[in-house]
Amino acid sequence: MTARASWRHAWDAVQLAFWRAAASGWVPARWFNAGLPPPEARQARTGVLDIEIVSHCWRYAHLLAFQLNSLVRHPPRRARVTMTVFHAPDDDATVALLAHFGAITVPHVRWNWQPRPKERLFRRAIGRHEAAVATRADWVWFTDCDVVFGPGCLDALADALQGRRDALVYPRVEACSELLVDDDPRLHPADAAAADIGAMQFVPLAVTRATGPLQITHGDVARALGYCGPIGFYHRPAERWQKAHEDRAHRWLLQTQGVPIDVPQVHRIRHASKGRYADGSVMARLRRWWRQRLTAARDARERAR
């Protein structure tokens, strides 16, 4: 590593430490979120709502298939949904999957594929910010591609959002699958049309804050602040996947952990390996081992309640 690269790496570490401390409450959010519209300035939309779902996919096409197919199987009737997916053109499996679903017409659903160089994909806040400032939706659901919308989920969401002005809301409960290994046949159906979670076992888990895949943001707030818009550090391209520390910063800038709402049929497929890390690497093995221990412990606590 050259001296210049070493200095840049050290400076990045300092900035990350500052923003993580700030988002933990050590710095007042009002220093950076002057553009946050107050509740009375936000539209309290009713009727058929426009909802944009923003997802990212890098080497997770087998999971994205379940998410997109859930919209085909269970299209909303009381909402108009824009399904936005940020992806990299050199992720061949994802490109092929999006071409397949893009040819399917789904009532009340508009596909919106957003290809980006992988360096812009590796910091998730970049795409989320672009979607936020450009959205025309009443609400924006920032999610991950392992979240699946079951029957009635999006209609129930539209009902729960009627007339609300909250900056940020989230589902009160999510149903999580057991931790599935890479070669589990349930993760690899014969084709995209067969991607269904029916054969999986799910555990309902209480959600205590608007976590990264469950951040449903008011459209007026999204357009005003973007996604961590005031924090340029979180919008810089990266050479490898970056851990999503900006999820906490988003809540900090909005000055809320989110408001829980009742949205049934929100499912998340838990998988032992992370596709964004090198296969077989020491880091990948350590992460897999740690995830298995954490998941088993959390599920045991829920069953004991």
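**Why is it called that?**

Modeller: Phe-101 is buried, at 0% relative accessible area.

Colleague: What makes Phe-101 buried rather than exposed?

Modeller: Buried means under 20% relative accessible area, exposed means over 50%, and partly exposed lies in between (1.4 Å probe, protein chains only). Phe-101 has 0%, so it counts as buried. The areas come from the Shrake-Rupley method, and only the protein chains shown count as cover for residues. This is a predicted model: local features need pLDDT of at least 70, side-chain atom pairs count only at pLDDT 80 or more, and totals for chains, interfaces and linings use all residues. Residues are numbered from 1 along each chain as its sequence is written, and side-chain values use heavy atoms, with hydrogens and water left out.

Colleague: How many aromatic pairs are there in the whole structure?

Modeller: The search finds 11 aromatic pairs. Phe-101 and Trp-111 form an edge-to-face pair.

Colleague: Why is the pair of Phe-101 and Trp-111 called edge-to-face?

Modeller: Rings of Phe, Tyr and Trp (its six-membered ring) pair if their centres lie within 6.5 Å; planes under 30 degrees apart are stacked, over 60 edge-to-face, and the rest tilted. Here the centres are 6.3 Å apart and the planes make 65 degrees. Helices (H or I, at least four residues) and strands (E, at least two) are DSSP runs, numbered from the N terminus. Trp-111 has 15% relative accessibility, so it is buried.

Colleague: Which residues do ring pairs link into a cluster?

Modeller: Phe-18, Trp-19, Phe-32 and Trp-252. Trp-252 is one of the buried residues of α8.

Colleague: Why is α8 called largely enclosed?

Modeller: Eight of its nine residues are buried, so the rest of the structure largely encloses α8. Among the buried ones are Asp-247, His-250 and Leu-253. Arg-248 also lies in α8, which spans residues 246-254. Arg-248 has 43% relative accessible area, so it is called partly exposed.

Colleague: What makes Arg-248 part of a surface patch?

Modeller: Patch residues have over 30% relative accessible area and no salt bridge; like charges are joined within 9 Å, and nonpolar side chains (Val, Leu, Ile, Met, Phe, Trp, Tyr) within 5 Å. Arg-248 gathers with Arg-20, Arg-209 and Lys-243 in a patch of positive charge. Lys and Arg count as positive and Asp and Glu as negative; His and the chain ends are not counted. The charge is placed at NZ of Lys, CZ of Arg, CG of Asp or CD of Glu.

Colleague: Which residues make the nonpolar surface patch?

Modeller: Trp-7, Trp-11 and Val-14 make it, over about 360 Å². Trp-7 is in helix α1 (residues 3-26). Its relative accessibility is 57%, so Trp-7 counts as exposed.

Colleague: How do you know that Arg-236 and Asp-12 form a salt bridge?

Modeller: A salt bridge is a side-chain nitrogen of Lys or Arg within 4 Å of a carboxyl oxygen of Asp or Glu. Arg-236 and Asp-12 come to 2.5 Å, N to O, so they qualify. Arg-236 is in the loop between α7 and α8 and Asp-12 in helix α1, so the pair ties together parts 224 residues apart in sequence. Asp-12 is partly exposed, at 21% relative accessible area.

Colleague: What makes Asp-138 and Arg-45 a salt bridge?

Modeller: Their N to O distance is 3.4 Å, so they pass the test. The pair links distant parts: Asp-138 in the loop between α5 (124-134) and β4 (139-142), and Arg-45 in the loop between α1 and β1, 93 residues apart. Asp-138, at 11% relative accessibility, is buried. Arg-45, at 41%, is partly exposed.

Colleague: How many salt bridges does this rule give?

Modeller: The count comes to 19.

Conventions: Accessible areas come from the Shrake-Rupley method with a 1.4 Å probe; for residues, only the protein chains shown count as cover.
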